[in-house]
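Please examine the model displayed below.

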Amino acid sequence: MRIIYNSSLGYNKMSSSENLRIAIQKSGRLSDDSISLFKECGIRLEAGKGRLKSDSPNFKAEFLFLRDDDIPGYVEDGVADLGIVGENVLVESSRTVDVIMKLGFSKCRLSLAVPREAVYNGADFFRNKNIATSYPKLLGNYLKENNITAQIHEISGSVEIAPSIGLADAVCDIVSSGSTLLSNGLKEVEVIFKSEAVLIGNQHLSEQKKVILDKLLFRINAVLKAQNYKYILLNAPNDKLQEVISFLPGMKSPTIMPLAEEGWSSVHSVLEENEFWENIEALRAAGAQGILVIPIEKMIY
Ligand code: ATP
Ligand code: MG
């Protein structure tokens with residue numbers, strides 16, 4: 001924060017140019033997870049109540065709350081330094097920005113769907129058909145790669161009703177569970193793009209901003225890493241310890257503490273969630289008992 005003296009107005013606080021400006025979706029499917037990510041990184045921000053901008057009181061960052069479609073352009077132009085947006089919107093925008101990291105939330109797919117009663121035998125179905133979508137570029141790429149000529153009918157929303165009102169023969173739209181397609185009498189037939197939220201950055205950040213970005217990335221990595229791992233505690237008879245710990249690689253190696261009951265130990269370790277489910281039967285067979293699995297908030301190597 002810079003304090004500038006202005007003789008007519010007295011002291012004015014001006015937002016420092018060193019702050020990282022981060023654009024996030026104002027309201028929608030990316031908003032809650034974007035805000036939670038920064039909060040889990042210990043970065044306070046106020047959102048909601050029609051707010052368009054918020055300065056963090058405890059990190060050199062200010063947040064802009066925008067429509068997701070506008071975020072790639074703001075980041076490319078340098079109005080924002082960073083942004084969180086779905087890969088679908090990013091690719092469709094054709095903007096030139098750095099994709100800094102995938103964030104693991106807002107996972108969805110862009111799919112082609114046809115009326116439920118249509119006979120579908122492959123992508124040739126779409127030849128010379130009229131396809132409604134909000135993603136003309138991504139759809140155009142897919143059609144080109146598959147040598148299919150079709151008409152792309154661009155509409156900005158409610159794509160899934162296009163076939164039932166005679167506007168199109170098929171749709172190309174975002175799907176997560178598929179229930180919206182089903183309730184509109186459509187079936188998903190081709191997945192053309194898989195998407196998740198990504199952190200994007202302007203390509204010409206100042207050195208000062210890169211330093212703040214490094215601090216932010218350190219925190220985001222610790223939060224994302226922790227989401228995939230669990231802290232595991234279990235009891236095991238001492239004569240089975242070697243076998244039990246062979247299933248628990250841990251960050252370095254497991255911690256082993258004696259239990260009050262003679263001949264038994266408590267084993268603590270960190271495991272990737274997938275590894276846990278793969279190894280749980282083996283651990284029990286090796287003599288592990290009283291297994292507790294606890295979420296980890298942050299993980300720093
Ligand atoms: P805005 O008003 O900001 O333009 P929008 O209506 O265009 O918002 P949302 O529906 O909030 O967009 O979706 C934002 C992004 O979230 C999408 O671009 C996509 O990446 C992802 N997304 C969309 N639908 C789903 C879904 N059902 N599940 C998970 N992620 C989704
Ligand atoms: Mg949008």
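The following sections describe the surroundings of the two ligands in turn.

## Basis of the report

This is a predicted model, in which local features need pLDDT of at least 70 and side-chain atom pairs count only at pLDDT 80 or more, while totals for chains, interfaces and linings use all residues. Residues are numbered from 1 along each chain as its sequence is written, chains are lettered from A and ligands numbered from 1 in the order in which they are written, and side-chain values use heavy atoms, with hydrogens and water left out.

## Ligand 1

Around ligand 1 there are 15 residues, of which Arg29, Arg67, Asp69, Asn88 and Ser176 come nearest; a residue counts here if one of its heavy atoms lies within 4 Å. By class, this shell comprises four nonpolar, six polar and five charged residues, with Asp, Glu, Lys and Arg counted as charged, Ala, Val, Leu, Ile, Met, Phe, Trp, Tyr, Cys and Pro as nonpolar, and the others, Gly among them, as polar.

Polar side-chain atoms lie at 2.7 Å (Arg67), 2.9 Å (Asp68) and 2.8 Å (Asp69) from an oxygen atom of ligand 1. Taken alone, ligand 1 exposes 630 Å², and the protein buries 75% of that (Shrake-Rupley method, 1.4 Å probe).

Asp68 is buried, at 16% relative accessible area, whereas Asp69 is partly exposed, at 43% (buried: under 20%; exposed: over 50%; partly exposed: in between; 1.4 Å probe, protein chains only).

How values were computed. Polar contact = N/O pair within 3.5 Å; in protein donor to acceptor, adjacent residues only side chain to side chain.
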